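Could you look over the structure shown here and read the notes that go with it? They are written for someone new to it.

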Amino acid sequence: MNWLRARTITAADLRHDGNCFTVLRWILASTVMISHAWDLTQGVGFLDPTVAILTFPVSRLAVWLFFTLSGFLVAGSLVKRGVPAFLQARALRLLPGLWVMLIVVPLGLQLAFGTRPWAEFLSAGDTWRFVLRNGALIGNAHVLPGIFTFLPNPAINGSLWTIPHEVRCYLALALIGGLGLLLPRWRFSLIILAGMLVHLALPEHLVPVLFDVRRLTFAFFLGVLAWLWRDHLRLSWLAAIAGVAGAMLLPGEFLLKVPAMQISFAYLALVAAFRVPQVIKAFSARIPDYSYGIYIYAFPMQQIALTLGADMPLINLAWGYALTVPAAALSWHLVEKPALRWKSAAMAPSPSKVSV
């Protein structure tokens with residue numbers, strides 16, 4: 001029962017076999033598909049059963065936790081290895097898989113479901129906008145000519161909107177590190193806490209275009225703070241469960257309900273990452289990390305499932321998952337994992353940057 005007792009994060013926990021981050025990422029990427037199964041088959045949002053419990057779709061919570069875990073993991077990379085290696089590692093992790101998907105998905109969908117001639121499809125502005133805007137991390141390009149036009153939601157890949165936000169968080173963290181503001185940790189913590197207080201004090205709809213940016217940035221820097229104070233952050237299952245229960249019991253109109261849920265679930269995710277039994281950690285260390293592939297391929301695969309007749313949410317989820325995992329496996333083994341080998345030369349730790 002030692003795993004039930006509160007303790008801080010140790011150096012052993014940060015080894016590949018000392019946590020279950022890979023399993024958590026699988027779970028979070030797969031969870032996003034739950035909300036999409038209802039959104040795509042019903043044609044409108046906020047209909048999945050989790051809304052009645054959380055007051056928002058579970059996909060939103062999964063994305064927030066993705067950002068928190070990302071902030072925790074990449075903060076260590078930046079501190080240990082410096083800005084150039086950090087940026088190289090982030091680019092190699094995100095871009096090759098994304099770029100290949102942006103080629104494979106349009107061509108595959110046109111081949112299987114296209115209603116326009118190939119010449120028209122390849123020369124269409126929507127085709128090039130989808131590939132170039134998403135590939136350049138600008139986003140806001142969702143459709144392809146003649147593809148899924150008969151579906152309730154004709155979007156090709158509605159999950160891609162978060163990737164530019166994630167990259168901006170990486171760049172903000174790199175800038176902070178480059179300016180020497182990340183360490184000592186107490187100074188950086190004061191800066192971030194001041195920003196978080198401003199975020200909490202200002203109405204979320206004050207600047208509508210920043211609505212999602214603020215929540216995602218808040219989630220990301222929660223993870224950064226957790227990494228910086230990992231030797232003081234006591235992880236307890238009882239505290240995590242109590243925190244989540246307390247946040248969920250807050251009235252829906254309470255101004256700080258969403259931040260309270262972000263904080264409490266982020267803490268629960270870290271407890272789950274480090275305080276599970278060793279057998280789960282060992283399993284997590286052995287399985288390949290298909291999470292990014294699941295995230296970037298799931299939406300078009302669920303649209304394909306809907307096109308093939310899987311028009312009930314749970315059926316769509318099952319069919320979509322059956323199509324998504326093989327695509328994610330191919331992405332990992334043929335694109336993502338080989339690309340990560342290119343970063344090895346730049347990953348030697350810089351001793352002068354490790355002190356916190």
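1. Basis of the note. This is a predicted model, in which local features need pLDDT of at least 70 and side-chain atom pairs count only at pLDDT 80 or more, while totals for chains, interfaces and linings use all residues. Residues are numbered from 1 along each chain as its sequence is written, and side-chain values use heavy atoms, with hydrogens and water left out.

2. Leaving aside neighbours within four places in sequence, F221 is in contact (heavy atoms within 4.5 Å) with A172, L173, I176, F188, I192 and M196.

3. The largest pocket. A pocket is defined on a 1 Å grid over the protein atoms alone, as an open set of points with protein on both sides within 12 Å along at least five of seven lines, whereas a cavity is a set of points where a 1.4 Å probe fits but cannot get out; lining residues have an atom within 4 Å of a point. Grid points are joined across faces, edges and corners, and a volume is the space filled by probe spheres set on the points. About 1,300 Å³ of space lies in the largest pocket. Of the 41 residues that line the largest pocket, R25, L73, R90, R93 and D289 are the closest to its centre. Two or more lining residues come from each of α1 (21-42), α3, α4 (83-113), α7, α13 (291-307) and α14 (313-340), and α3 gives the most, with 12 residues. The lining of the largest pocket divides into 22 nonpolar, 8 polar and 11 charged residues, where Ala, Val, Leu, Ile, Met, Phe, Trp, Tyr, Cys and Pro count as nonpolar, Asp, Glu, Lys and Arg as charged, and the others, Gly among them, as polar.

4. The second largest pocket. The volume of the second largest pocket is about 550 Å³. Its lining has 25 residues, and the closest to the centre are H36, D39, S59, R60 and W161. The elements that give two or more residues to this lining are α1, α3, α9 (211-228) and α13, and the lining residues divide into 13 nonpolar, 8 polar and 4 charged.

5. Cavities. A search of the whole structure finds 3 cavities of 30 Å³ or more, and the largest cavity has a volume of about 40 Å³. L98, N134, L137, G139, L160, I163 and P164 line the largest cavity, and they divide into 5 nonpolar, 2 polar and no charged residues.

6. The loop between α6 and α7. S159 lies in the loop between α6 (125-135) and α7 (162-178). S159 counts as buried because its relative accessible area is 2%, where buried means under 20%, exposed over 50% and partly exposed in between, with a 1.4 Å probe and protein chains only. Leaving aside its neighbours within four places in sequence, S159 is in contact with H36, Y295 and F299. N140 lies in the loop between α6 and α7, and F148 has its place in the loop between α6 and α7. Phi of N140 is near 60°, a positive value in a residue other than glycine, and phi of F148 is near 60°, again a positive value in a residue other than glycine. Are these residues buried or exposed? N140 is exposed, at 63% relative accessibility, whereas F148 is buried, at 1%.

7. A cis peptide bond. L183 and P184 are joined by a cis peptide bond, with omega about 0°. P184 lies in the loop between α7 and α8 (185-201).

8. Cysteines. A search of the whole structure finds 0 disulfides, a disulfide being a pair of cysteine sulfur atoms within 2.5 Å. C20 is buried at 3% relative accessible area, and C169 is buried at 4% relative accessibility.

9. An exposed helix residue. A52 is found in helix α2, residues 51-54, and counts as exposed because its relative accessibility is 73%. A52 and Y297 are 245 residues apart in sequence and 27 Å apart in space, C-alpha to C-alpha.

Technical notes. Helix = DSSP H or I, 4+ residues; strand = E, 2+ residues; numbered from the N terminus.
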